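Dear colleague,

I am passing a structure on to you with this email. Please look through it first, and then read the notes that come after.

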Amino acid sequence: SLPYIIPDKLRRKALITIVSAACISLCIELVQYLFRLGLFETDDIIMNTLGVAIGTLSYIVCTKLKPEVNHD
């Protein structure tokens, strides 16, 4: 039912945001691995992506619940 509630344009933006966050997190983990600055941990990528997904969905819900301001 969520695809019917969220407009297509907003869904596309949310997906781009989530995928971008996953890519950035992956890049950070790869840099840590390549330069031996830390451990390459897949759970960091998963948790960071999940956090962005929850934040993005929370933003969408809050903007849908926010009453429209009428400036007459």
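The notes below go from the overall fold to one surface region.

This is a predicted model, in which local features need pLDDT of at least 70, side-chain atom pairs count only at pLDDT 80 or more, and totals for chains, interfaces and linings use all residues. Residues are numbered from 1 along each chain as its sequence is written, and side-chain values use heavy atoms, with hydrogens and water left out.

The protein has three helices and zero strands, in the order α-α-α along the sequence; helices (H or I, at least four residues) and strands (E, at least two) are DSSP runs, numbered from the N terminus. Of its 72 residues, 15% count as buried, where buried means under 20% relative accessible area, exposed over 50%, and partly exposed in between (1.4 Å probe, protein chains only).

The structure holds one aromatic pair. Tyr33 and Phe40 form this pair, which is edge-to-face, at 6.4 Å centre to centre with 80° between the planes; rings of Phe, Tyr and Trp (its six-membered ring) pair if their centres lie within 6.5 Å, and planes under 30 degrees apart count as stacked, over 60 as edge-to-face and the rest as tilted. Tyr33 counts as exposed, at 55% relative accessibility, whereas Phe40 is partly exposed, at 33%. Phe40 is found in the loop between helix 2 (8-34) and helix 3 (42-65).

With kind regards
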